[in-house]
Amino acid sequence: MIRICCFCEKWESGGIESFLYNVLPYMDPQIMEVDVVASDLAESVFSESLRQRGIRFYALSGAQRNLPENYRLFRRLLHSRQYDVVHLHIFHSLSLVYARLARDAGVTVRIAHSHNTALRSSPLRPLKLLLHRAARALLTNCATDLWACSKPAADFLFSAKALRRRGFQWIPNGIHTELFRFDPGGRAAARRELGLSDELLVGNIGRLCAQKNQAFLLDAFAALLAGRPESRLLLVGEGEAEEALRRKAEQLGCGDKVIFYGVSSHVERLLWAMDVFAFPSRFEGLGIAAVEAQAAGLPVLASEHVPPEAGVTPLLQTLSLDAGAAGWAQALQALCRPSGRREDWAAAVRRGGFDVADTAARIQAYYGRSLSDELS
């Protein structure tokens, strides 16, 4: 039995949580015992299903900023649970401290897995970047393995010296490709539930926040309405920017045409309902929602900040945010035309290496192989 700690700073309903939700059920419970550990543990759409599969959840202090208490509690957990593998799912190099704590506790395999390429905007962002760069230089080598969802994500989290010497492992953010395969009947049902008939539906899935840039998307949608007044915008997710986005939609005069859906555990049905997927992020580690959209056969318009690894099919096109709202509106309208049979694109995404079964098998094999190599 291999005992594994999957650590993340905050457990909620974001991209890291989605990745673990997809991958962990494939871990063989006969040989893998998995704990999810978070500094701040909140309930999410993913939690209960994982608990039912035997995944344990442990909270540290309940606050990401309470570093001394988080470190103390993590040390205690390392001692009591005696992990063989600590797998850090992180986006800031200060979190590499947990690799150091694991090293000091004698954990054999310590994986640092980068999931993003920048820090969120905040008044303290300049200070956080200074700390990030210092920690990146000091702590990268506390990890035995460097993993990332894209090359830009690896460059952001790990020191350049370590990457030159050791490189990194690219780990595709696996999805259930068959689950996302387009279903015409499912599309019709989902559109009925949304109150739609023949309207053009532009969609976005992601946390409602500055990083995902839905405020820019609202501007582009308002411009789109000038030529396609029957259009609708579907925003799937929740976050700190929701109220500001609702106000902005009203100010733009399109509040009645924007659907704030909230979170969903069945995003594939919502993707089937869409005609084009807009992804104007300011930064992304990979952009798994864009991969899911391609598996559902959707044309995707992504910003230049979405890593090239997300373009697993020709369905994804990139447009700079500098093109402005008018440029994005024009591109979205052009992309909404069907491109072949939507049902065929799930297989293309799987061939690109993004099927969750393949990703999980690779991770599980690596856990066992790395532990054997370290102990031999």
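What share of the contacts in the chain with a separation of 6 or more comes from residues 24 or more positions apart? Such residues account for 72% of these contacts, where contact means heavy atoms within 4.5 Å.

## Basis of the model

This is a predicted model, in which local features need pLDDT of at least 70 and side-chain atom pairs count only at pLDDT 80 or more, while totals for chains, interfaces and linings use all residues. Residues are numbered from 1 along each chain as its sequence is written, and side-chain values use heavy atoms, with hydrogens and water left out.

## Overall form

The chain contains 16 helices and 13 strands; these are DSSP runs numbered from the N terminus, helices being H or I with at least four residues and strands E with at least two. The radius of gyration is 21 Å, close to the 21 Å that the globule rule gives for 376 residues, so the chain is as compact as a globular protein of that length. That radius is taken over C-alpha atoms, and the globule rule is 2.2 Å times the number of residues to the power 0.38. Along the principal axes, the C-alpha trace spans about 65 × 45 × 35 Å.

Of the 376 residues, 56% count as buried. Buried means under 20% relative accessible area, exposed means over 50%, and partly exposed lies in between (1.4 Å probe, protein chains only). The accessible surface of the chain is about 16000 Å², and 51% of it belongs to carbon and sulfur atoms. Areas come from the Shrake-Rupley method with a 1.4 Å probe; for residues, only the protein chains shown count as cover.

## Aromatic pairs

The structure has 10 aromatic pairs. Rings of Phe, Tyr and Trp (its six-membered ring) pair if their centres lie within 6.5 Å; planes under 30 degrees apart count as stacked, over 60 as edge-to-face and the rest as tilted. One of the pairs is W11 with F57, edge-to-face at 5.3 Å centre to centre and 65° between the planes. W11 lies in strand β1 (residues 2–11) and F57 in strand β3 (residues 56–59), so this pair ties together parts that are 46 residues apart in sequence. W11 is buried at a relative accessible area of 0%, and F57 is buried at 15%. The ring of F57 also has R51 over its face, at 4.9 Å from the ring centre; a charge sits over a ring if NZ of Lys or CZ of Arg is within 6 Å of the ring centre and within 35 degrees of the ring normal.

The ring centres of W147 and Y366 are 5.1 Å apart and the planes are at 70°, so this pair is edge-to-face. It links distant parts of the chain, 219 residues apart: W147 is in strand β6 (residues 145–148) and Y366 in helix α16 (residues 356–375). W147 is buried at 1% relative accessibility, as is Y366 at 16%. Elsewhere, ring pairs link F7, Y71, F74 and Y98 into a cluster.

D40 belongs to strand β2 (residues 32–41) and is buried, with a relative accessible area of 17%. Beyond neighbours within four places in sequence, D40 contacts E9, K10, W11, G62, A63 and Q64. The side chains of D40 and K10 are joined by a polar contact of 2.8 Å. A polar contact is a pair of N or O atoms within 3.5 Å; within protein, one must be able to donate a hydrogen and the other to accept it, and residues adjacent in sequence count only if both atoms are side-chain atoms.

N70 sits in helix α3 (residues 67–81) and is buried at 0% relative accessible area. Not counting residues up to four places away in sequence, N70 touches S39, L60, S61, A63, Q64 and Y98.

Seven of the nine residues of helix α1 (residues 15–23) are buried, and the helix is mostly covered. The buried residues of α1 are I16, E17, S18, F19, L20, N22 and V23.

In helix α4 (residues 97–104), V97, Y98, A99, L101 and A102 are buried. Their cover includes β1, β2, α3, β4 (85–90), β5 (109–114) and α5 (125–139). Just after α4, G106 has a positive phi of about 85°.

## P299

P299 is in the loop between α13 (288–295) and β12 (300–302), and is buried at 10% relative accessibility. Leaving aside neighbours within four places in sequence, P299 contacts D275, V276, F277, L315 and L335.
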